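Subject: Structure for your review

Dear colleague,

Please read the notes with the coordinates open beside them.

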Amino acid sequence: MDYDFRKIEKKWQDHWAVHKTFKAHNRSDLPKYYVLDMFPYPSGAGLHVGHPLGYIASDIIARYKRHSGFNVLHPQGYDSFGLPAEQYAIQTGQHPSKTTTANINRYRQQLDRMGFSFDWDREVRTSEPEYYRWTQWIFLKLFDAYYDLDADKAVPVSQLIDRFEKEGNLKVKAHCDKDTPVFDAHQWKAFDGDEKQKILLFYRLTYLSDTEVNWCPALGTVLANDEIVNGVSERGGHPVTKKKMRQWSMRIGAYANRLLKGLDSLDWTDSLKEMQRNWIGKSEGASIYFDLEHHSEKLEVYTTRPDTVFGVTYMTLAPEHELVEKITTPEQQNAVDQYIKQIAGKSDRERQADVKSISGVFTGAHALHPFTGAPIPIWIGEYVLAGYGTGAVMAVPSGDQRDFDFATHFKLPIINIFEGIDISEGAYTEKGNVKLTQSGFLDGLDFKAARDRVIVELESKNCGKGAVNFRLRDAIFSRQRYWGEPIPMYFKGEIPFPLPEKHLPLALPEVEKYLPTEDGKPPLGNAKVWAWDETHEKLVSVDRIDQKTVFPLELNTMPGWAGSSWYFNRYMDADNQNEWVGSEALSYWKDVDFYMGGSEHATGHLLYSRFWHKVLFDLGYVPTEEYAKKLVNQGMILGNSAFVYRKKGTRTFLSKGLIVGQSVEPIHVDVSLVNAYDELDLEAAKNWQKDFKQAEFVLEGGKYIVGREVEKMSKSKYNVVNPDEICDTYGADTLRLYEMFLGPIEQDKPWNTAGITGVHNFLKKFWRLFYQQDQWSVTENEPNAESLKILHQTIKKITDDIGRLSFNTCVSTFMICINELTTLKCSSRSVLEPLLILLSPFAPHFCEELWHQLGHNKSIELEPFPIFDPSKLMEKTKEYPVSFNGKMRFTLELSLDLGVDQIKEIVMQEQRTVDHMKGDVPKNIIVVPGKIINIVS
């Protein structure tokens, strides 16, 4: 009987689905184990072979844990809101839900083919109202909470109002806006309702404010910093500009310190934790308030080096800083306006990364030194970001290289404040024991002493204070698009009010078109029924808005990260219609034990989700402060791209061996048009691209040889390999094993389809241990000691390597094991059965089929994992080399239990010894137990 993988895989996929083999239970006496994958966005392109890498690894863990006696939750779903579906809707008029559903069906078909042990009864889709009802509910919980610095946690706003009623906000320590007004209890009570609501917005964890945003006109929406690459949108590569808009934001900054400290308790990769630490960016220093010449405002600067304050020779503001417009002199206005326009298209990341360019403009204004009173010129420069610190820098050219380069470029003064240090070639940036000079009362002090002293002086003069700063900024939450969660708020004038929870979900309305309105409102502005009748508590036509009983609803939607910030909790109780998650489910599952996903989400999803979870923990909705104990970042499977080479300015393409010394431009071609020898199928290529039809291809040896380069697998690079094709040709189990065999799970590795045959041949070789010459060959015979030794060596190695996530070495171990058992012609059930269980997490269809043929009615998934028996590795006999005068003549197998005298007696009675000695009497017989026998004559 041949290994018919197509028939076998379809059979068991259907069986698992019908019998719900992988269903997890919220009530169980077994210990729980929660395995989570970062759920996919269902794109129209479907999956390529790089996508399943992490899913296969996590599936191995899930199956292994089931074999190990755990009640395993291994769910899957879809992060189904996203810009691509909306862009397609704009182009075609087709509702995004229809596109998304079709894409999900395609993904599900592909995922099912690969035999993943998902509990599909718990599937979630973030774009379904049944799901985003609870995303909106969480939004309202954040809106109704503030961060109490004394309690160091979020608490309901109702407690804040109680304090205002009793004592105003004079003694309230809370994370709030800098411009929050100060008032006493009497004043609070005198405020009208609108004034009170405006004040509460200074405190709420989600709030409205005028914010500098990244605006993408082509997409018609605001983008987060992590959605911009090289100054353009990640989706579509469209230009991005800066723009001030009234936006919903979330006070993730209130949690900066806890997000930082929480990393220490997590078993996440060091590199990812370091990325989050850098993004949060904690630093210690001082805030210094500089008076402005001819202006009443003060300029606040945060610096980590207050000890260098006497080295300040100019100030630099971010071009977006709110003071720029106020302090710029008429003489400099035009230059400042031109400069701001010039850098408007650059993202914050791009401005930070561009360390070579030096640009800036003098505003004409001056600040006053807090200790000397000397005027300090104020410039603007793109290297200062409005979102970091205060958006202003006190420039110390002698102590900061970027300040030094700026001062040198614009011929600004440089004061050397470091005793004995030559700064002619660059700034001195160390924090060592060098003493300060030209620094007034700080002369002769080192870094630490000077820092402590200057903070005392600043505080005594009321012009500064010691401060801790975080780079992490509050997260902008609004998106000007249709395909996202509606924000459940309505407006009385400019004041937002929450929809009653009982009326959630606030479902997306039908609209005729998905573009912004003609007057620039977001796409929800096209909805006809999008107003809230407060009296009757229902949605009504926008024509009825009167700002008395009927009010407009929020037109923005939530960002892409909203639904993914809590989905791991919903999986615990996905069918609950009455609660976001039931308390029983939360109490049992608690948190994720193993999370698999890409490191590219380090400063997006993985940070926002930790923030939301901490808020929910503070408010008593979850039992743990962190939701994922262990996180593993899988590497990428890279594509092996193919290139043709066009001579510049012509339609002539040169084969790879002919391009030396030529001016050519490489152009991607579809890898499916290239054979294993890098030869391009010219006829197929000309049919694929019309530009190739009339082109001239210059061949070498009658063939066109393409160039190759390993790079990210991407549809745009035409290097994508479809997993369906691999499953059709070799089977899903072969694909699973091969992806694990390619290399360590955490590393990037190139795909090579040619290498997959070796893994496929391994499965066929394993199959032949059960079927020899098409006949069932498994016996009930007791295995020999060597077979048992190989089995238990394999059990130990596989168990250890799964624990280390070393799946590539697991596959190698299986191959070695099967080769050795084949040599021994092993056909014993007591060896082959445990081997199937060992392999089952890696090749589940293959093992399930043979397990069934061995006579078992229950799924192999329910079998306990084999246990290593060290006694099976212990040698009971030894094949001794028998030497005569140091030359080995033959070997003799003897029990290791024999003593030296017994060994001597046996070896002298051995016929081969008698033949060799020819009647001579040995002078000595040397025996080293377990090693050698040497007869000296």
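In this predicted model, helix 22 (residues 732–741) packs against helix 23 (residues 756–767) at an angle of about 125°, and the axes of the two helices are 9 Å apart. Since angles over 145 degrees would count as roughly antiparallel and those from 65 to 115 as roughly perpendicular, helix 22 is therefore oblique to helix 23. The crossing in which helix 22 passes helix 23 is right-handed. On the side of helix 22 the contact is made by Asp733, Thr734, Leu737, Tyr738 and Phe741, while helix 23 contributes Ile756, Val759, His760, Phe762 and Leu763. Sorted by class, the residues in this contact of helix 22 with helix 23 are seven nonpolar, two polar and one charged.

Of the residues in the contact of helix 3 with helix 4, four are nonpolar, two polar and one charged.

Turning to the aromatic rings, the structure holds 71 aromatic pairs. One of them joins Phe118 and Trp120 in an edge-to-face arrangement, with 5.4 Å from centre to centre and 80° between the planes. Phe118 has a relative accessible area of 4% and is therefore buried, and Trp120, at 15% relative accessibility, counts as buried because the cut-off is 20%.

Another pair is formed by Phe477 and Trp561, whose ring centres lie 5.2 Å apart with the planes at 75°, so this pair is edge-to-face. The pair links distant parts of the chain, 84 residues apart: Phe477 lies in the loop between strand 18 (475–476) and strand 19 (489–492), whereas Trp561 lies in the loop between strand 23 (550–552) and helix 16 (567–570). Both Phe477 and Trp561 are buried.

Finally, ring pairs also link Tyr3, Phe5, Phe762, Phe766, Trp767, Phe770, Tyr771, Trp776 and Phe846 into a cluster. Among these residues is Phe762, which is also one of the residues through which helix 23 contacts helix 22.

Terms used
Residues numbered from 1 in each chain as written. Predicted model: local features only at pLDDT ≥ 70, side-chain atom pairs only at ≥ 80, totals over all residues. Heavy atoms only, no water. Axes fitted to C-alpha atoms, helices over the stretch in contact; angles between N-to-C directions. Helix = DSSP H or I, 4+ residues; strand = E, 2+ residues; numbered from the N terminus. Parallel < 35°, antiparallel > 145°, perpendicular 65-115°, else oblique. Left-handed = near helix turned anticlockwise from the far one by under 90°. Contact = heavy atoms within 4.5 Å. Nonpolar A, V, L, I, M, F, W, Y, C, P; charged D, E, K, R; others polar. Phe/Tyr/Trp six-rings, centres within 6.5 Å; stacked < 30°, edge-to-face > 60°. Buried < 20%, exposed > 50% of the residue type's maximum accessible area, 1.4 Å probe, protein only.
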